[in-house]
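Hello,

Here is the structure I promised to pass on. Have a look at it first, and then read my notes below.

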Amino acid sequence: MSTAEQNRAAEGGRTPTGVARGLTQGATGTRGGIGESTLRPDGVLKVTGEFAYSSDLWHEDMLWGHTLRSTVAHARIVSIDTAEALATPGVYAVLTYDDLPTEVRHYGLEIRDTPVLAHGKVRHHGEPVALVAADHPETARRAAAKIRVVYEELPVVTDEASATAPGAVLVHEDRDDHHSGHVPHPNIVHRQPIVRGDADAAARRADVVVRGEYVFGMQDQAFLGPESGLAVPAEDGGVDLYVATQWLHSDLRQIAPVLGLPEKKVRMTLSGVGGAFGGREDLSMQIHGCLLALRTGKPVKIVYNRFESFFGHVHRHPAKLTYEHGATREGKLTHVRCRIVLDGGAYASSSPAVVGNAASLGVGPYVVDDVDIEALALYTNNPPCGAMRGFGAVQACFAYEAQMDKVAAELGMDPVEFRQRNAMEQGAVMPTGQVVDSPAPVAELLRRVKAMPLPPERQWETTEGADVRALPGGLSNTTHGEGVVRGIGYAVGIKNVGFSEGFDDYSTARVRIEAINGEAVATVHTAMAEVGQGGVTVHAQIARSELGVTQVTINPADTQVGSAGSTSASRQTYMTGGAVKNTCEAVREKVLAIGRRKFGTYHPAWATAELLLEDGHVVTDGGEKLAPIAEVLEDEAVDLELEFRHRPTQPFDLRTGQGNGHVQYSFAAHRAVVEVDTELGLVKVVELACAQDVGKALNPLSVAGQIQGGSTQGLGVAVMEEIVVDPVTAKVRNPSFTDYLIPTILDTPSMPLDILELADEHAPYGLRGIGEAPTLSSTPAVLAAIRQATGLELNRTPVRPEHLTGS
Amino acid sequence: MRVTFTVNGRQASADDVWEGESLLYVLRERLGLPGSKNACEQGECGSCTVRLDGVPVCSCLVAAGQAQGREVTTVEGLAGPEGELSTVQQAFVDAGAVQCGFCTPGLLVAADELLERNPEPSDGDIREALSGNLCRCTGYEKILDAVRLAAARTEGAV
Ligand code: FES
Ligand code: FES
C-alpha cells in the first residue's frame, strides 16, 4: 500500500472517502441574497480538485463491479455459462437474472418494463446481462469477457414501418401497462392526439399551404462525469448507496423492491454529479452495485467508461415529423396538422411524457385555432430513449420553425415578421385549450434578438491575414475565405416547466435557524440533486433573503429528508427553490413568534408592524431594528421540514388532447450567424445570440451559464451530434467521443444574451424555469442560417458535410 | 511493478501496478489524487490533463510506467502552499466558469500552461489551447471569460 493509500485508509476506516460534505458559505462581500451573482459554494472545491464526484468514491476494501452487456440487439438467450468467470482469481461474485433476490425483477420510471438483468431475451444492443465483482476493475472486465452467452438472434424492429407491419415481432409480448389499452399497436408505447377547432375547414381558407417532412437524429446527453457509485453493505442488512443521479427518491422507489428491502434500509446520498441533462433520470448502476455489495458483503464501486456510458443511459428520442402549415396572404396561420413519431427504443423510460410534450407543444409559441396533432412513441429494438434537456419540445421546435421559414418564404414575408404576426401573448389559448396566464413575450424576444448588432463581415480577417480558427474547417486550414458564404437564421420556442399532466409534483425543504457564537446561521437540507445547475447557490441566496442571515450551510442531498423531485424539466429553482422559500417563511414566523413572546411587551411594533428578518435582525417594514435574531433565539433552534407544490395540472384527454396539462411556459429566441464553406460543406457558427424571458433572475451569472450551455447543446445537434444506429442490426456504431462529437471551444461561438425579466405571478419570486428553452430554438436557428447560406432544403439534423455538397 | 515519480513537487510511489494501468488510474486510485478526471479514458476529452515534465498530456493515454522518474503536475498542485487559489483557479470561480466542474481540473491545467507560455493570449489563442478540453455544461463563454480575467489579473499584478 502506498503512503497515500495508507493515509486515506486511516482517515477513511469503515466509511468511504469522497462522500459529500455540507457546503458552508459565509459573507460573500455583498448581501448574497436573491438577484445577485453570488458565487457557487462548491466552486473552490471544484477548482482545487477536492470536490468528490461519484467516480472518486473510495473504500479501503472495496471491489469493482462490471456489467456484461449484450452484443446483439434482439435475441433469445439460449444459455449463460459463468463458471470460468467465477473461477478467475480475484473475482468475488458473478450474478445473472437467476440470482435476483426477489420477484421484483424489473424497474422503470413510469412503466416497470426494464429487466434488472436480461431474462431469456435481450431487446437492445448493450442491455445488461450479467454482473461481476472483482478486486481490480481490469480483473472484473476480463472475467466478464469469459462469461459465455449463447444468443439466438431474433428479427429487429427499428422504425414505424417495421414496428407496425403485419406480423411484426413484439418488443414486449404481454403488455399490461396503463397505456396498452389505448394504443393502436403493442409496439406503440403511448399515443397522444390533440384536436382543436376544425383543421379541414381552416385549410380551405389558407392561401398558401406548406408541407414538410423532418428527421431529428438521436442525441446523447454526453455529460462528462460517467455513471458511477459506491454501494456499501450495512450491518442492519441494508445498504448505503452513494451515487450521481437526478432524483434520489425516484431511484429509491425503484431500487428497494428489487433488493427486497424496506426503503429506510436503502440510504442514498448524492455524490458529486458531473452533469446530467436528463441522462441520469433512469437508473444505471444503482441496483447492480447494491446487488453485488449485498452478495459479497463488501463495498462495491462501479464506474462506467465512456464506451459503456453510451449504453448505460437513455438518449434523446430520434423523431420523424410531418407538418402541414397553412396561412393567409396577410401572414396569419390558418391551421397546423402534424404527426410526430418518436423512437422510444426497447424500454419505455419517460417516453409517455415525451409524447405529451411533443404533442402539446407541437405548434410552437404561435396562435393557431385549428390544429390536428398526433404524437406517438414506438417500442423498437433501438437503444432506449428518454429524458434529455428539452424533452419532446426540441424535436417539434426543429420542425415547426423550419415550417415557419418555409411559409414566410412562400408568402414573400420576412421570417421574423411572420413569426411576430402569429406570436402568442399572455391570454393565448394553447392547442390543449389551456390559457397561457403569465407573460409570453414571444414577439418581443424576436425583436430583441434581431436588434442585437451583427458580427462584422469577414470576421476572420486580421492584420496578419486570415485567422483559420475563425473559419469553417478551423485548424485543418481548409479555406482562407474562398467559397465561404454567410447565412443568418432565427427561431423561437416554447417549453413547459415542471412535471405536467396531473403528476403530483412537489418538493421538500428542511430549514434550520440557530444562533452560533452570537450569530444567527441557517442550514438548508433538501434531496435536490445538484448536477451543476447551481441549485446549491440559489438555496443559500434564498435563505439569506428570507432569514436575514449571512452564513448558510447546504447539507448534502440524501434520502433522510423528503423528496425534492427531479432535477429536470427546468423545475428545480421553481420547485425546490420554492420549497426552501416556503419553509424559510414558516421558520421566520416561528422566529417572530419567539420574539413576540420574549420582547413583545417592550416595543409596540412587535404586535403592530409587518416584521422581517434582515441583516441579522428582526426589523419592521419601516426598517427599524427590533432585536438581533441571535438574541431572539438564544439556545433555541427553529427547524422545520415542509413540502411545496405547484398549481395542480390535468391529464390530456386521450382522444382530444384537451386539458390544463402544464404549469408554466418558458420562451427563448435565437439568432444564428453561420459561415459555410460551400465547396467542402463545412459550417462555422460565428455567433449564436439569445433572448430569453427568465421571469426573475435569482442569480444572473448562473442564468447566463444555463442559457449558453443549453444553446451549445442545440448547436451540437444542429451540426455534429448523432448516435448512429445500424438500420439492419440495430447496433450502435459510434459509442465514443472519437465518433460521437460534441462541440469544442473552437466549435462554439460567442453567445451574446438579452435577458428579460417579466414576473410570473404564480411562481416563487416570479421566476421562470430556464434550463431547457435555450436548447430548443438554437438548433432550428442554426439550420435556418445554413439554409439561408446554401439555399438547400435541409430537412434533417444534424447537418453533415455531404448534405451540403450533395456528394 | 513499482512506479516512482514526483507529483506536485513530492516524491510518490505505487506498488503492484499492473502494466496496463494508466497514469490517470495510478493518480486516482493508488495515490489518492482523484482531482484529475476520467470522462472518456480514450484521449478525447482532456478531463485528465496533467503536466508531464511541464507538457500537458492526457494522463489516461500515458502508461503509468512512462511516468517513472518524471515530474507530474495535477490540478491538486495548482494552489499555493497554504491552499491559496492560483490566479487561474480564482478566475474560474469568479467568472462562473464552473458548473458541474467535471471538465474544470483539466481545463485549469491546460489554461495554466497557456498563460505561462503566452501571458496575453488572444481569444483565438485561448480557443486553440483549450480545444482538447470538452465541457458539456457551460458553452465555454464563461471559460473564455475566466482565462481573459486570469490574464488581465496577472498582467495587472506585474
Ligand atoms: S479521460 Fe483522458 S482524455 Fe478523456
Ligand atoms: S462544467 Fe460540466 S463539463 Fe464543464
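In what order do the strands of the open sheet of 7 strands in chain A run? The order is β4-β8-β2-β15-β12-β13-β14, with mixed pairing (two strands pair if DSSP finds at least two bridges between them). At the edges are β4 and β14 (266-270) of chain A, each of which pairs on one side only. From one strand to the next, the twist averages 20°.

Before I go on, the ground rules. This is a predicted model, in which local features need pLDDT of at least 70 and side-chain atom pairs count only at pLDDT 80 or more, while totals for chains, interfaces and linings use all residues. Residues are numbered from 1 along each chain as its sequence is written, chains are lettered from A and ligands numbered from 1 in the order in which they are written, and side-chain values use heavy atoms, with hydrogens and water left out. Helices (H or I, at least four residues) and strands (E, at least two) are DSSP runs, numbered from the N terminus.

Back to the sheet. Strand β12 (residues 228-233) and strand β15 (residues 300-303) of chain A pair in the antiparallel sense over 4 bridges, and Gly229(A) stands opposite Ile302(A) in β15(A).

In all, 53 residues of chain B are in contact with 66 residues of chain A (contact means heavy atoms within 4.5 Å). The area buried between the two chains is about 4700 Å², and carbon and sulfur atoms give 58% of that; buried area is the accessible area (1.4 Å probe) that two parts lose on being put together, summed over both. Gln99(B), Arg127(B) and Arg136(B) supply 17% of the area that chain B buries against chain A, more than any other three residues.

There are 6 salt bridges between chain B and chain A, counting a side-chain nitrogen of Lys or Arg within 4 Å of a carboxyl oxygen of Asp or Glu. The side chains of Arg28(B) and Asp56(A) meet in a salt bridge, at 2.8 Å from N to O.

Best wishes

How values were computed
Axes fitted to C-alpha atoms, helices over the stretch in contact; angles between N-to-C directions.
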